[in-house]
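Thanks for coming, everyone. I'd like to walk you through one model this morning, a few spots at a time, so please have a look at it with me.

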Amino acid sequence: MGSIIGARSRGQGLLAALLLLTTTGTLAQEQGRLGDMADRFDQARLASSDLRTVRRAGLEIFATPFNFGDGYGDGPMDPSDPLSSGGRPTLGNNGTFLRINGLDGQSCVDCHALVSTSTVPPRFGVGGFGGINDVPILKPTVMDIIDVSEAGFAFTDGRIIVPPHLFGSGAVQLLAEEMTAELQRLRDLSLSQPGRVVPLRTHGVDFGSVIADGAGNIDLDGVTGVDRDLVVRPFGRKGEFATVRDFAANAMAFHFGMEPVELVGPDVDGDGDGVANELLVGEISALEIFLTTMERPAKKAQGNVREGARVFFEIGCAECHRPLLESKGRQLSYRLPDADTPHYTTNLTAPPAGFEPRGTGIAVRLYSDLKRHDMGPELAESFGEATNARNREFVTPRLWGVGDSAPYLHDGRALTLTEAIEWHGGEGEDARNAFVAARNGERAALVAFLKSLRLPQQPNLDVVR
């Protein structure tokens with residue numbers, strides 16, 4: 001690990017600034033070129049590396065400010081496809097940043113460094129969330145910032161994304177994998193019971209139903225909250241990614257133009273920037289393991305919040321924001337794309353993740369059902385085609401850590417928890433109306449309860465000390 005840590009010490013310097021830690025650097029380290037490193041963290045090193053070593057390698061990928069020698073950026077613009085994640089234009093033709101549709105930072109820490117905005121000054125830490133200034137906008141074709149169209153607001157058809165915190169993601173991935181396996185088992189079971197409606201219920205969450213005919217066909221029209229392939233994809237607020245690895249690999253290409261080998265192939269310069277093998281398979285593996293073994297959010301006692309918890313259940317918040325899901329197992333297995341055999345396994349009850357054992361599995365107090373819901377026209381995006389039904393749908397946000405992580409909602413429009421609740425529509429409208437109709441004391445109690453759901457105060461100290 002010595003050469004990795006030395007070559008990427010600029011990333012450590014950023015961590016030091018955030019966490020008030022101490023590191024030293026040299027002029028030679030300023031070059032920091034991943035492409036020139038003699039000792040990259042390739043996949044072969046995983047089997048012989050302990051968890052802390054792997055986490056440290058993942059941290060280096062997460063926190064390194066990438067440069068052109070590493071493969072940062074896209075190279076020459078491709079005028080035939082300017083919205084792609086390769087060959088994009090740059091802002092003012094500066095050859096470096098775009099800011100809208102990616103190329104919007106140098107490292108993951110740029111947008112994942114806040115662990116509390118409930119304090120003054122805010123508290124920083126690796127793996128946190130981002131504020132309004134960190135918001136990326138995905139694939140806009142129109143940005144009427146000064147309201148030339150006189151619509152009365154600054155229109156964009158891009159997807160506005162407030163960066164979420166990343167804590168506890170290993171348990172979320174484990175739950176999603178178990179739920180997917182059960183949903184697909186129930187779907188296949190329907191083939192042996194033609195004409196019978198088979199409920200799709202797993203881990204206490206209802207995903208609708210399926211029914212098969214006698215000819216081997218399955219009617220999926222009754223499926224709700226998940227794609228018709230019945231794969232639970234909890235990452236990305238629209239439910240785009242089943243694993244942290246999928247999300248991270250695509251994020252690297254989008255935000256930095258750093259192309260993982262697993263997306264473009266070995267020795268391939270997919271974006272034409274003159275650098276191949278920008279992120280090795282082993283480096284994405286280490287990044288995934290680092291992210292999925294970070295600490296979990298937790299509830300912090302601060303006065304009597306039992307009344308707020310009662311209101312949370314009574315007005316219907318818990319129907320979607322499920323306080324507790326229990327996994328069947330404790331081991332999270334990591335697989336390469338399109339591979340069935342795991343290449344690494346971690347126990348999520350062990351530190352730093354430290355989830356509470358529950359039977360053969362773990363207790364995951366995430367306050368979500370990992371299911372998509374229609375949230376009504378007021379929260380709908382204008383991404384892509386105006387008739388895109390997904391514009392109204394969002395995976396239920398996980399509320400663990402919500403007491404620290406303002407602003408709220410997918411685009412940060414809600415600056416307080418009260419505003420976030422009042423924006424609910426569609427499937428959340430009944431709970432919203434009940435909240436508005438509640439007594440002032442009940443509303444205050446509910447907010448106090450939500451503020452007790454906190455993020456880790458000093459995360460990832462096992463690898464940043």
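Let's begin at Gly87, which is in contact with Asp74, Pro76, Met77, Asp78 and Asp271, leaving aside its neighbours within four places in sequence. Contact here means heavy atoms within 4.5 Å. Before going on, a word on the source: this is a predicted model, where local features need pLDDT of at least 70 and side-chain atom pairs count only at pLDDT 80 or more, while totals for chains, interfaces and linings use all residues. Residues are numbered from 1 along each chain as its sequence is written, and side-chain values use heavy atoms, with hydrogens and water left out.

Back to Gly87. You'll find Gly87 in the loop between helix 4 (51-63) and strand 1 (114-116). Helices (H or I, at least four residues) and strands (E, at least two) are DSSP runs, numbered from the N terminus. Is Gly87 buried or exposed? Gly87 counts as buried, because its relative accessibility is 4%. For that word, buried means under 20% relative accessible area, exposed over 50%, and partly exposed in between, with a 1.4 Å probe and protein chains only. If you look across to Ser368, that residue is 281 residues from Gly87 in sequence and 37 Å away in space, C-alpha to C-alpha.

With a relative accessible area of 71%, Asn93 is exposed. Asn460 also has a positive phi, near 65 degrees, and sits in the loop between strand 18 (453-454) and helix 13 (461-464). Asn460, though, counts as buried, at 0% relative accessibility.

While we're on the backbone, where are the cis peptide bonds? One joins Val120 and Pro121, with omega about -5 degrees, and Pro121 is in the loop between strand 1 and strand 2 (123-124). Another joins Pro351 and Pro352, with omega about 0 degrees; Pro352 is in the loop between strand 13 and strand 14. As background, most residues other than glycine have a negative phi, and most peptide bonds are trans.

Which residues touch the most other members of the largest nonpolar core? They are Phe62, Met252 and Leu291, in a core of 70 residues. Helix 5 (residues 169-190) gives the most to this core, with eight residues. A nonpolar core is a set of buried Ala, Val, Leu, Ile, Met, Phe, Trp, Tyr and Cys residues joined through side-chain atoms within 4.5 Å. Leu291 is in contact with Phe62, Leu166, Ser169, Val244 and Ala248, leaving aside its neighbours within four places in sequence.

Helix 5 is also the place of Thr180. Thr180 counts as buried, at 12% relative accessibility. Not counting residues up to four places away in sequence, Thr180 touches Leu230, Val231 and Val232. Its C-alpha is 20 Å from that of Arg390, which is 210 residues away along the chain.

On to the rings. A search of the whole structure finds twelve aromatic pairs. Rings of Phe, Tyr and Trp (its six-membered ring) pair if their centres lie within 6.5 Å; planes under 30 degrees apart count as stacked, over 60 as edge-to-face and the rest as tilted. Phe241 and Phe247 are edge-to-face because their planes are at 85 degrees, with the ring centres 5.3 Å apart. Phe247 counts as partly exposed, at 35% relative accessibility. Phe355 and Trp400 form a tilted pair, 6.2 Å centre to centre with 45 degrees between the planes. That pair links distant parts of the chain, 45 residues apart: Phe355 is in the loop between strand 13 (344-347) and strand 14 (356-358), and Trp400 in the loop between strand 17 (393-395) and helix 10 (417-422). Phe355 and Trp400 are both buried.
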